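Good morning, colleagues. May I ask you to look at the model on the screen while I speak about how its helices and strands are arranged?

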Amino acid sequence: MGAVERLGFRGRLIAAMVTLVALVSLVIGALFMVYLFEDEKSRATEQLSIGERLTREILERRTDLNLSRLSVVVQDFGFRSAVASRDPATLASALDNHSRRAGADFAVLTDNSGNLLASTLSQSIAGGPTALFEARSGARSFAYLQGQGYEVLQILVEGPGLRARLIAGFALDQSLATVIARLSGTEAVFRARAPGDTSFEVVTATSVRDRDLVKLREPNQDGELMDAGRYFRRSIQLTDPGSQTGDIDVVLMLSRAASLANYYARAQEIALLVSGIMVFAILLALVIARNMGRPVLQLAAYARAIGEGGFPAPPDIRTGGELRRLRNAFAKMLVQLREREAQIRHAATHDEVTGLGNRNALMQSARELFEDGGACTLLGLRLNDLSDVNDTLGLVFGDQVLAAVAQRLRATLPDARVIARTGGGEFLALVPAQSPERVEALARQLLAAAEAPMDINNTPFSIRALAVTMALPADAGDTNELRRRLNLTFEQAENHPESITRYQPGRDESHLRELQLIADLHNAIHNHDLSMNYQPKLDIRTGQVTQVEALVRWIHPELGFISPEEFIFLAEQSGQIHGLTAHILQRVAADARQWTEAGLDAGVAINLSAMDLTWPDLIDHIETNFDDWHHDRLRITLEVTESALMQDPEEALATLYRLRDLGVTLSVDDFGTGYSSLSQMRKLPVQELKIDKSFVLRLDAEPQDQLIVKSTIDMAHGLGLKVVAEGIENLEAWRLLQAWGCDLGQGFHLSRPVAPADLADTLRALDARRPELTRPTMEYHQ
């Protein structure tokens, strides 16, 4: 770094220009060299491609010629007579004479079944690679025999009562290689290897001196250019890979030295050209550095001073053109930077639409208040209908409403520490600390000002709003608490019957508890920290336990027992209800298998959430978990609350029909607490109705509850529904339900919910109470 600094601007400019020119020249030269090399290589490839086509054509023509010669042989009367005689000596002599006439290097004669009749080869070879003799008539193959490669042709010998096969081999000899080399302008080498060998042997070559270049190398892909050593090469496969007769190919070769001679000559020319360009670049850099150095250094110092936050005078640039314009641009930029900084500071703390402060301004003011230990009152205002105004009357009209409300807030709160629009239709103001009565009056005054009719573009208009108040620092000690508790107060105000809501201590602690439970519930489901309890359901007529209702329980490691109503509601709000339902189904199915293995006989009832009725995977989870259910699926009861059926009747009805097709029993839970009626129940595919415990808990003492329950039982039976009563707290209620014909009952008088391990003892205890529960009793009448 020190050496670079000592060079100075001019030296660095010269070095940069020379380096750039050198780099560009070298890159251009390298690209040109690559282009030349690829061009020479392409020419070699083209010549080898032509040689490949010529080679294939020569082999095809040679095959046709040899086949025509063999056709003459098999048509010869003497040869056919010798074959017909089947005399070995005659066959051997005729085969030897006629194969030499056809120019074959060896010949084999077999009968139609492939049995050897005669051969010019030794007996061990003739009976060896039988794959030679299995080609169809007129077909061509290649074989490696006795250290020589052969083209093998087969032709049928046919006549009346005569059928044999003549197989002839023609050596891939020096003359063939010479013809290929002469016509293609390359050197040709025939290579071969026996089956199972890993290296090739040269069997025939032209005048290639470096025979070892092709001797021990694996063949490349057929027709692929090989660029290695001193030759460009291309291999032409003559046999199929893995042939039983060995691998044979022909390699065409071109000398790299001859092909690339032009390339090396051009390389020298390019090197000289690059050297000349670099010398010229150095001279040009010296001239430019001399003329540009001084004003550039002046501009650099000017820019450095601007960057350090100063306001320097522009340098005196005597040269014109770009450098003078650059100096003027720097000066103008300095002025604009000052203006932009002021705009940014203003935009960072002000709302663009109303001109009031924004959230940053309010939080900064509150932060200063907390740091100074001061006190003030926060007044919050939220416009309820702003989104509807924007949607129906347009964003421009909505902005005009916001500006009008902001103007009224300024007039209503002249002594406010800060008034800010913190987003949407929300306005916050910090005013001097007030008494509770004064804060209430000021909030009402603020609300009245916001809701008073206004004239927007000659259009009378009014908007509804709600207000909240907080005392600082009593209700919030820092900005984090302020934001969190302010949001909670606004949420409370939206559901509050009054238009003005004051922050209530403890609300955020409840909210934090909910957040903790939501987070911990996920882990509880994943780690199986939830437990299941089961409350028996008894047949009121016989006193026998027919079913148990599954009830989920959660003992939090820090907060203790969590009410199911609380954590199920949080699961629905946080989107975890489907995971909870899937977990409950899995646990209930596992417990049912265990108590069945223990000899207990009981169905099971499972509660479903309203959101489960719109869950696409509900059916699959029930089928998967209860695939091996030991009873009829009618003994699996799925209980759905009356309010869940009324939230989305169409979707709920579709799900209920799919569940009914599954074969389970469907029950309407908590009947009587919603807005449905028995006439509506008639439209649902349910088999059971469960009367809410609020009508059963005091059934023995409340005549009105008795009338409701008895009427519900009668009408439900009229619709063909079974009736379950929950919340049976005493024997008198049991007797009344028994007299009215209620089907099933459950409650603390019978049994509390118990853990799976205690279910067997509970069922035995209930079985012992059957005489008490089924003892005849007088009829109860209203």
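Helices α10 and α14 are oblique to each other, a word for angles that are not under 35 degrees (roughly parallel), over 145 (roughly antiparallel) or 65 to 115 (roughly perpendicular). Helix α10 covers residues 359-372 and helix α14 residues 479-494; they pack at about 125°, with axes 10 Å apart. M363, A366, R367 and F370 of α10 meet T479, L482 and R483 of α14, where contact means heavy atoms within 4.5 Å. By class, these residues are four nonpolar, one polar and two charged.

This is a predicted model: local features need pLDDT of at least 70, and side-chain atom pairs count only at pLDDT 80 or more, while totals for chains, interfaces and linings use all residues. Residues are numbered from 1 along each chain as its sequence is written, and side-chain values use heavy atoms, without hydrogens and water.

Helices (H or I, at least four residues) and strands (E, at least two) are DSSP runs, numbered from the N terminus. Axes are lines fitted to C-alpha atoms, for helices over the stretch in contact, and angles run from 0 to 180 degrees between N-to-C directions.

Let us turn to the sheet. Five strands form an open, antiparallel sheet in the order β2-β1-β5-β4-β3; strands pair if DSSP finds at least two bridges between them. Because β2 (116-119) and β3 (140-145) at the edges each have a single partner strand, one side of each lacks a neighbour in the sheet. From one strand to the next, the twist averages 25°. Strands β4 (residues 148-159) and β5 (residues 162-171) pair over 10 bridges, and I155 has L166 in β5 as its bridge partner.

Note on methods: Ala, Val, Leu, Ile, Met, Phe, Trp, Tyr, Cys and Pro count as nonpolar, Asp, Glu, Lys and Arg as charged, and the others, Gly among them, as polar.
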